[in-house]
Structure formats: C-alpha cells, structure tokens
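I opened this notebook to record what I looked up, beginning with a strand and then turning to aromatic rings.

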Amino acid sequence: MLRLATLASVWILGAGVGAAPARADTSDVSVGPQYDTTHVYVAPADMARFATAFTATFGGVASKPAVTKVTPTPSSTEWQAIQTPAGTVSLFGFTTPIPYPFGAERTGYLVKDMGAAIAAARAAGADVLVAPFPDPIGQDAIVQWPGGVDMQLYFHNTPPSYPALTTIPENRVYVSPDRADAFVRAFVAFSHGKVTLDDAAAPGAEVGRPGAAIRELRIESGFGKIAVLVTDGHLPFPYGRETTGYEVADLAGTLAKATAAGALVLAGPYVSGDRRAAVVQFPGGYIAEIHAPGGR
C-alpha cells in the first residue's frame with residue numbers, strides 16, 4: 001500500500017533471548033532499509049505542514065499528494081511518499097473512516113515475494129491480520145508479531161531502485177517481559193537477522209525513567225534496525241508513542257531545524273547509553289525519537 005514509486009522503567013524480569021530457534025526453511029525476503037517506510041497518519045489539513053517540517057529537519061523530498069485507495073475495502077486517502085537520507089515515510093491523510101486494522105501498523109517492509117514472505121512470517125509465528133490484496137503496482141498485507149506488533153508487508157510488480165540511506169532508522173518496539181523473547185525469536189527467524197545487543201540493565205532514561213533499568217535488545221537485518229524496549233508499561237508521555245528513531249550526526253543542529261519548522265521537543269536532549277537523544281512531535285501529531293551516536 002505504501003509505495004515510493006511514482007505513484008521501564010522495569011526491573012529486569014526473565015533471562016535473555018536464549019538460543020535462536022531453528023530457522024524455518026525460508027529464504028530472506030528483505031530488499032533493503034531504504035524501502036522500509038514508517039507509516040504516519042495525520043489529518044488531510046496537516047499533510048503539507050508535516051511534509052515541510054519533516055524534510056526541513058532531515059532533508060530529502062516529498063512526492064506530490066495523490067488520492068488513492070490503500071485498503072482492500074472501500075476507503076480514500078491522500079498519500080505522499082517522503083524520502084530522506086535518514087529514513088522514509090508513507091504519509092496518509094484519510095478522507096474516509098480508516099478500515100480496521102489500518103492505522104495501527106507502524107512500518108511497511110518491501111519484500112521480494114509476497115507469497116514467500118507470508119509463508120515465512122507464519123512459519124516464524126506471526127498472525128496474518130490482513131491477507132494479501134492487490135494494489136495498482138503490487139500487493140500488500142498486514143502481519144502481527146508476538147507482543148501485538150503490527151507491520152505491513154508490500155510487494156512491487158516492478159522492482160524499485162532507490163539510493164541507500166545515509167543513516168538507518170530504528171523501528172522502536174515496546175513489548176512486555178512476557179512476550180519480548182517470543183517477539184525477538186519470531187522476527188529474527190523471519191528476517192534472517194541477528195541480535196546485536198541484549199542488555200538486561202539498559203538505562204531507563206531511554207524510556208523516560210532515569211535512574212532505573214530496562215531490558216533493551218537491538219536487531220539488525222536486511223529490513224534495517226529494530227530497538228526492542230522491554231518495559232512494565234509504566235511510561236511517561238511521550239515514550240511508547242514514538243515508532244521510529246532517526247539517527248543524525250548533529251543532534252543539536254537537527255533539533256534546531258525541527259523547531260524552526262514547527263516541531264516541538266517533548267523530551268530531552270538526554271544521554272542514554274551510547275547515544276544522545278530527544279523525542280520530537282511534528283505538525284500533525286507524529287512523534288519520533290532522534291538520536292546521535294556517542295552522546296554528542
């Protein structure tokens with residue numbers, strides 16, 4: 001559905017991820033992180049303000065708005081693709097009620113083959129919430145991972161070709177201690193990825209609880225990066241509302257660009273582990289984490 005074509009504080013519960021399960025006999029269906037889009041839903045009247053502020057903050061370009069249908073049942077939305085060096089957004093401004101379960105999916109992942117991707121997701125333990133359906137240039141589906149994490153999978157009939165990103169954004173996933181290991185095992189098996197961090201005593205500042213500890217895991221795969229934040233759900237606003245973390249070289253300079261363009265800094269800047277970060281709200285209500293490595 002979402003195309004870039006022309007068209008806590010928690011005191012640690014439980015052990016680590018443990019041994020990875022045997023992979024299902026599936027191939028790697030990922031294409032590349034430059035094709036993975038954060039889904040942003042705003043009111044139609046806010047689309048231009050969001051696109052202007054987002055590109056002013058991160059650079060890049062926004063496509064012209066188009067009116068389209070991105071669900072298998074009747075609906076209508078304005079849509080824009082926003083492509084930046086720090087990550088890609090599919091922006092929606094629905095002019096009709098949004099059919100269930102659309103609006104809850106955080107990310108769109110381009111896959112090489114929809115049938116293979118659905119089989120791999122099911123084999124890894126995902127539920128298929130929306131079975132594959134056609135769109136004008138391919139197919140779409142929505143899957144849900146253990147812990148209630150919804151993601152879209154999409155396929156292009158004609159393979160796209162986009163430049164690599166300068167920095168790869170993080171899909172920021174909040175899950176409970178009860179389902180964290182199940183989520184990680186399932187997504188790693190599906191994505192053919194690897195866990196690059198499993199810190200049972202990560203700084204709680206990452207979720208607005210300085211002085212406490214949380215469990216944090218990081219996953220890297222052909223789909224990009226995921227930060228898994230394992231909490232008891234006792235989260236101060238705005239933590240848990242941000243679905244994507246954007247890496248930049250200069251945090252202070254990026255925040256200055258964001259606020260000049262109409263965004264609000266909701267939290268930070270603060271130091272958390274190996275990064276200095278802030279949480280920002282863009283026009284239209286979209287909330288994002290922005291971070292620079294090395295505590296800069």
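This is a predicted model: local features need pLDDT of at least 70, side-chain atom pairs count only at pLDDT 80 or more; totals for chains, interfaces and linings use all residues.

Residues are numbered from 1 along each chain as its sequence is written, and side-chain values use heavy atoms, with hydrogens and water left out.

I take buried to mean under 20% relative accessible area (exposed is over 50%, partly exposed in between; 1.4 Å probe, protein chains only), and strands are DSSP runs of E of at least two residues, helices runs of H or I of at least four, numbered from the N terminus. Both faces of β5 are covered, with G87, V89, L91 and G93 buried on one side and T88, S90, F92 and F94 on the other.

For its neighbours, I count two strands as paired if DSSP finds at least two bridges between them. β5 pairs with β1 (residues 37-41) in the parallel sense over 5 bridges, and 8 bridges join it antiparallel to β4 (residues 77-84).

I then searched the whole structure for aromatic pairs and found 24, where rings of Phe, Tyr and Trp (its six-membered ring) pair if their centres lie within 6.5 Å, with planes under 30 degrees apart stacked, over 60 edge-to-face and the rest tilted. The rings of F50 and F282 have centres 6.0 Å apart and planes at 75 degrees, so this pair is edge-to-face. F50 lies in helix α1 (residues 47-58) and F282 in the loop between β16 (275-281) and β17 (287-293), 232 residues apart.
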